[in-house]
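I opened my notebook to record what I looked up in this structure. I start with confidence, then move to the core and some residue pairs.

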Amino acid sequence: MQSAKLHSLQEARAGRVPWVVLLALLGLNMTACNTLPKSSPPEIPVDCCVKEQHEIERLQKLLSEKDAQQDEIARLQKLVAEKEAQLRTHQVRQQEEARTLQRTISQAAHAQVKLRRLATRPAAASTIAEVEVAMENLNSSPSAESEQVMQAQAQRLVDAASASYEKGNYVAAMDYAAHARGLIDMIKHNRNFKLSGARRATTAFEVPIPLRMTANSNLRQKPVISAAVIDVLKKNSKVIAEAYRGDWLHVHTADEQSGWVLNTLVETQAGRP
């Protein structure tokens, strides 16, 4: 038995790897495997993720701003379209008013011719009496400061009518009385508009009224102080008042211009050289 064991040891020593050595090598291998670092997925840098998030937020903000700008553009386009429609409507209204005014002026010219043909003593007396009553009624009610200038002009025309009648000039008497009636009607008309708050409209005088400027005055395209100036009318320039709107008179000048002037800057030519 002992000889057999010795034989085995000798064989191992002669050419075979000792099993103890094998076991030792296997143990070392396993230990090495356990101690080697395990492979892990590559980590993405935190800074890179933050930059991408900021870029996404920036693009979203740009898209939001673009949508807001498009909405604003659409709103402005709608507003422009509405303003253009209003402008067209206003232009049509102005053209219609101009045509109406021209027709009325023509009618007024015919009325003045007819008035002169009827300028007899009884007709002049009756017309002057009617205007004097209308003037008394106007003076009996309180008047605004802006009306007092026109009231004074109307009274001057009434006085001129009476003076012409006394001289036997019935044509002039009828003319002055008709002009006075126009100013009286204008004052009453403006008072009613101020009380009612209604929209003012251009109203033609039944008979055009000769006037003159009391100071250098702007002739404007429209009856508003901000309207474009057509020309500057010199003091004592003669004009013909054809219509009115509020405190503005639509006048025709000697050099064939027409526009608007404030009624406080004119006076009647009655009794003036």
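My entries follow, one topic at a time.

**Confidence**

I noted first that this is a predicted model. I looked up the mean pLDDT of the protein chain and found 79. I also saw that 70% of its residues reach 70 or more. Among the elements, I found the lowest mean pLDDT, 47, in helix H1 (residues 2-15). Strand E2 (residues 217-220) has the highest, 96.

I then checked residues 4-10, where pLDDT stays under 50.

**The core**

I looked for the largest nonpolar core and found 37 residues in it. Leu183, Met186, Phe205, Leu249 and Val261 have the most contacts inside this core. I listed the elements that give two or more residues to it: helices H4, H5 and H6, and strands E1, E4 and E5. H6 gives the most, with 9 residues.

**Ser162**

I found Ser162 in helix H5. Is Ser162 buried, exposed or partly exposed? Its relative accessible area is 22%, so I wrote down partly exposed. Leaving aside neighbours within four places in sequence, Ser162 is in contact with Ile128 and Glu132. I also looked up Ala172, which is 10 residues from Ser162 in sequence. Their C-alpha atoms are 9.7 Å apart in space.

**Salt bridges**

How many salt bridges does a search of the whole structure find? I got 5. I looked at some of them.

Arg58 pairs with Glu55, with the closest N and O atoms 2.8 Å apart. Both lie in helix H3 (residues 46-117), 3 residues apart. I found Arg58 partly exposed at 42%, and Glu55 partly exposed at 34%.

Arg75 and Glu72 form a salt bridge at 2.7 Å, N to O. They are 3 residues apart in helix H3, so about one helical turn separates them. Arg75 is partly exposed at 45%, and Glu72 is partly exposed at 35%.

Glu147 forms a salt bridge with Arg191, and the closest N and O atoms are 2.9 Å apart. This pair links distant parts of the chain, 44 residues apart. I placed Glu147 in helix H5 and Arg191 in helix H6.

Key: Residues are numbered from 1 along each chain as its sequence is written. This is a predicted model: local features need pLDDT of at least 70, side-chain atom pairs count only at pLDDT 80 or more; totals for chains, interfaces and linings use all residues. Side-chain values use heavy atoms; hydrogens and water are left out. pLDDT is the predictor's confidence in each residue, from 0 to 100. Helices (H or I, at least four residues) and strands (E, at least two) are DSSP runs, numbered from the N terminus. Contact means heavy atoms within 4.5 Å. A nonpolar core is a set of buried Ala, Val, Leu, Ile, Met, Phe, Trp, Tyr and Cys residues joined through side-chain atoms within 4.5 Å. Buried means under 20% relative accessible area, exposed over 50%, partly exposed in between (1.4 Å probe, protein chains only). A salt bridge is a side-chain nitrogen of Lys or Arg within 4 Å of a carboxyl oxygen of Asp or Glu.
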